[in-house]
Amino acid sequence: MVEQVVADQDAIARQRTAGVAPRLQRVLSAFAAERLGTQHFASLTGYGHGDQGREVVDRVFARVLGAEAAAVRLQFVSGTHAIAAALFGVLRPGDHLLSITERPYDTLEEVIGLRGTQQGSLADFGVRYSELPLTASGAVDQSALEQALEAPLRMVLIQRSCGYSWRPSLAVAEIGRLCDLIHARQPDCVCFVDNCYGELVEEQEPPHVGADLIAGSLIKNLGGTIAPTGGYVAGRADLVEQACCRLTAPGIGSEGGTGFDLQRLVLQGLFLAPQMVSEALIGADLVAGAFQRLGFAVNPGPGDHRSDLIQAVQLGSSESLILVCRALQACSPVGAYLDPVPAAMPGYESELVMAGGTFIDGSTSELSADAPLREPFNLYLQGGTHRAHVQLALTEALAALDAAGLINLPQTGARA
């Protein structure tokens, strides 16, 4: 059945592959414009003052992301860390932060102050927060946004990816339209986009269409499965500098920090990223097509417009979630012998079951899947360096569900 879905999706796969060349050209043009050479692979020690490699990396990423400036730092431990640096760097006591894409991803709840107390959240520092519910179709509620813009706002937070919610990811064109609306009403309001999982999926990035600031992780799309750690912020130069002052210290900002002689891996990962992203998208279409054929709800559907790498499947039971994650873990290149079990995870409200035997710990650009153990038991699968790996893992996952009597595979006639 999986092989048939692959054959049926040949045109979709060719269309995804066609997107590699223009994105790669953008990366190559940035390398050429910044005169990238082997001398930029080495880093300074200590403070890192005047580190040419770090400075070239920043300028290359800024060009690729359509931003005025960027700060790419291995000192960012995650995308959440980069986002938190941007929030704390720009916002001040008394400012109002509005999320227009409903409740943010779980790991930002404690950053904002929606969970946990006395941890130095935005709420602890007097930053006000509110959020707008999405429409029934999962879109930003424009009428509610227009009403919210009647009061002064310092920052609007836009989460591009669906996260752990059952909604479409936001297209870059839609992000641009929202930024135009916000800036027309409040020119000084900062449009900040959580760009995690979205980089290089579309032709443009949010700064190309008016976003003031974006942030994300290097062990997702832009790291190309090569970058060993890190994150980035990009956008208006003054806002990027404010985020860096939070990462380091006021007065140091973006001028400090060594690259630990890992600049080559960061740049090589960026070079590989367009191809990796394309393969992950093709794998996501395959997963969507196979589960949809078996009667499961999927989001997005195979061949649908995508603005991130995440593929959601509504499995309906904790047993199915755990079985699929076990099968994916067993097909991982690292730690295939491990048994994923539900457990608490720092920053998350619910217990999670996670599969991802990846070369870079936590790298969701390599094939991985995770799910909060809460109804309706949605599986969120992302990444995949090549479509063949996704196909093998998917086949094993379906076989495991079939053996447990949880699906009805046409080859066996097994009953649920």
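Does T225 count as buried or exposed? T225 counts as buried, because its relative accessibility is 19% and buried means under 20% relative accessible area, exposed over 50% and partly exposed in between, with a 1.4 Å probe and protein chains only.

1. A word on the basis. This is a predicted model, where local features need pLDDT of at least 70, side-chain atom pairs count only at pLDDT 80 or more, and totals for chains, interfaces and linings use all residues. Residues are numbered from 1 along each chain as its sequence is written, and side-chain values use heavy atoms, with hydrogens and water left out.

2. T225 again. Its phi is near 70°, a positive value in a residue other than glycine. T225 sits in the loop between β6 (213-217) and β7 (231-235); helices (H or I, at least four residues) and strands (E, at least two) are DSSP runs, numbered from the N terminus.

3. F260 also deserves a look. Phi of F260 is near 55°, a positive value in a residue that is not glycine. F260 lies in the loop between α9 (237-247) and α10 (263-293), and F260 is partly exposed, with a relative accessible area of 48%.

4. From N299 to P300 the bond is cis, and omega is near -5°. The loop that holds P300 runs between β8 (297-299) and β9 (311-314).

5. Please check P376 too. The E375 to P376 peptide bond is cis, with omega near 5°. P376 belongs to the loop between β11 (368-372) and β12 (378-382).
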